[in-house]
Each structure stands twice: as C-alpha cells, then as structure tokens.
Amino acid sequence: MTALGLRSRRGSSRFFVYATLVAFVLGSLFPFYWSFLVASRDTGMLSDHLPPVLPGGNFWSNAGRVFDSVPFWRALGNSVIVSGTVTVTTVLFSALAGFAFAKMRFRGSNGLFAFIVVTLAVPTQLGVIPLFIMMSELGWAGHVQAVIVPNLVTAFGVFWMRQYIVDAVPYELIEAARVDGCSVFGTFVHVCLPAIRPAAAVLAMFTFMMSWNDFLWPLIVLDAGNPTVQVALEKLQSGHYVDYSLVLAGTTLATIPVLIVFLLLGRQIVAGIMQGAVKG
C-alpha cells in the first residue's frame, strides 16, 4: 500500500473518531440544554408544533417562582452540608480502611473484606425501617444528621480504595517509611495519600453525586420544611398540574453545584484516567 493510501486511511479513521466523540458530547449536553430551554420559557412551548431552539427570557422569573414555591434555599443548604460531609468522610474512612486491608496484615482481614464486599449485594431498602426507628429513638428524625450519619462510609468506597492501593502503593515505600521512624498513620498520610489522589477524586465525585441525588431516605426521614434538593424538586411536581418550566428551572439550579464539583475534581479524574492508560 502506498504512503498516500496509508495517509488517506489514517485521515478517515481520525475523522470517524472525532465525529463519534462530537456526537457523544452533543448527546450528553442535550439534556442540560433542553432543561435550560424549557426553564427559560413557559410550559406552553411544549405544545408547539415546532419547539424553539433558542432560550427565552423567563429563566430568572421561573427561578424566582421556584424559591417562592418551596424552601429551595434551605434545600440547597441541606444538600450541600449533607453531600459535602458525606463525601469527605467517605473518602477519608474508605482510604483508611482500604490502606489497612491492602497493606496491613492482621487476622481475619480477608474474611472481613469479603463480608464488606457481600454487603454490596444487600438492597439498601431492607434497612429503611430499622434505620428510621433508630433515628427516631436518637431524636434525629427531621434533622440532617439522620441523613449524614448512616452514609459516613460505604462498602463500595472501601472496596474501591483497597483495590487501587494494592497496586498504587508499593510495599517498599511503606517499609522505607517505617525504617525512617514513621508511624502507621504517618505512613498513610505521607506515603499513601499522595499516591491515591486520582482514585480519591473519582470516589469523591461519585459519592457527591449519589448523595446529592439521594431521594428515598431524605424523603422518609426529613420534615417537609427541612428538605434536600431532590425532595424539594419532588414537591414542585406534586400537584395535579405540573408546571414543567418551574420544575426544570429548579432542576437546572440543582445541577449547578454538581457541575462545580466536577470542574474542581476534573483534573484529578483525568490524571487518574491517564495514569491507568499508561499502566495498561
């Protein structure tokens, strides 16, 4: 095959790759754009034969109606507190447990880790009733700590960090730190944490999203006047008539914190992906 033919084949394959990536990006962005489009107009646009493709000028008025209809500021504050606290504790405790299971030798570690993995198969709905009874006896029902405390650490987080630490932290570095007189916790802070930042960023992103989008448990345990964002959004569509401009305006507002967290953690996530690609 001539050099011209090879160059033509490479050019066509490169065009196919970029066209596929552009299609995936547009497909991923379309739901966000459509939500903002509906939120910036009135619900009547949905009945138009040809829906508009450009946003209208009613977004801020619809956003104002969201804050007037439900305690949305309180819901945003509660979700930020809950999601932020759960994210920090899950990453910290999962990293500590993962370090212990991956690099420390103690009796029963394999069985205990297997038990943690098995709990991933147990539906969380099975624990709703006893957990609600426990929160009520503690006097936490209706308060955000009832949402935070049961989610301080997750079995998935422990599994994720343990699997990453096994390959990311060599035993030689740990032994060198011990020879230098570093304690176990000091070894974790100075040796383990710098090596697992990409995995911690990915876990933080997933944990924040799951906590931010959690609906069932906050709906059960929190009062109507002290909701999280997802419960507040449900209140916007609980009537006989659903104002989709109002609902999607609230949805757009609720998406902004998640995008901010992704932008903050995006560099570490990309670094983790690139590190895995290099290892592969």
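Which residues make the nonpolar surface patch of about 430 Å²?

1. The patch is made by Leu92, Phe93, Leu96, Val153 and Phe185. This is a predicted model, and the points below should be read with that in mind. Helix α3 supplies the largest share of the nonpolar patch, with three residues. Phe93 has its place in helix α3, and its relative accessible area of 36% makes Phe93 partly exposed.

2. The buried residues of α4, which spans residues 109–118, are Ser109, Phe113 and Ile116. They sit on the same side of α4, because the arc they cover around the axis is only 55°. Asn110, Phe115 and Val118 are exposed on the other side of α4. As background, residues three or four places apart on an α-helix point the same way, because each turn takes 3.6 residues.

3. Helix α12 (residues 229–236) is mostly covered, with six of its eight residues buried. Those buried residues are Val229, Gln230, Val231, Ala232, Leu233 and Leu236.

4. Two salt bridges are present in the structure. One of them joins Arg65 and Asp243, whose closest N and O atoms are 3.0 Å apart. This pair links distant parts of the chain, since 178 residues separate Arg65 in helix α2 (residues 59–69) from Asp243 in the loop between α12 and α13. In general, side chains of opposite charge can pair when their charged atoms come close.

5. Asp243 counts as buried because its relative accessibility is 15%, under the 20% cut-off. The loop holding Asp243 runs between α12 and α13 (244–279). Leaving aside residues up to four places away in sequence, Asp243 touches Thr43 and Arg65.

6. Arg178 forms a salt bridge with Glu175, and here the closest N and O atoms are 3.3 Å apart. Both residues belong to helix α8 (residues 171–179); they are three residues apart, so about one helical turn separates Arg178 from Glu175. Arg178 counts as partly exposed at 40% relative accessibility. Glu175 is also partly exposed, with a relative accessible area of 38%.

7. Where does Gly142 lie? Gly142 is in the loop between α5 (128–138) and α6 (145–148). Gly142 counts as buried because its relative accessibility is 4%, under the 20% cut-off.

8. Which residues does Gly142 touch, not counting residues up to four places away in sequence? The contacts of Gly142 are Val221, Leu222, Asp223 and Asn226. For Gly142 and Val221, the separation is 79 residues in sequence, while their C-alpha atoms are 5.7 Å apart in space.

Notes:
Residues are numbered from 1 along each chain as its sequence is written. This is a predicted model: local features need pLDDT of at least 70, side-chain atom pairs count only at pLDDT 80 or more; totals for chains, interfaces and linings use all residues. Side-chain values use heavy atoms; hydrogens and water are left out. Helices (H or I, at least four residues) and strands (E, at least two) are DSSP runs, numbered from the N terminus. Buried means under 20% relative accessible area, exposed over 50%, partly exposed in between (1.4 Å probe, protein chains only). Contact means heavy atoms within 4.5 Å. The arc is that of the directions from the helix axis to the C-beta atoms. A salt bridge is a side-chain nitrogen of Lys or Arg within 4 Å of a carboxyl oxygen of Asp or Glu. Patches are made of residues with over 30% relative accessible area and no salt bridge: like charges are joined within 9 Å, nonpolar side chains (Val, Leu, Ile, Met, Phe, Trp, Tyr) within 5 Å. Accessible areas come from the Shrake-Rupley method with a 1.4 Å probe; for residues, only the protein chains shown count as cover.
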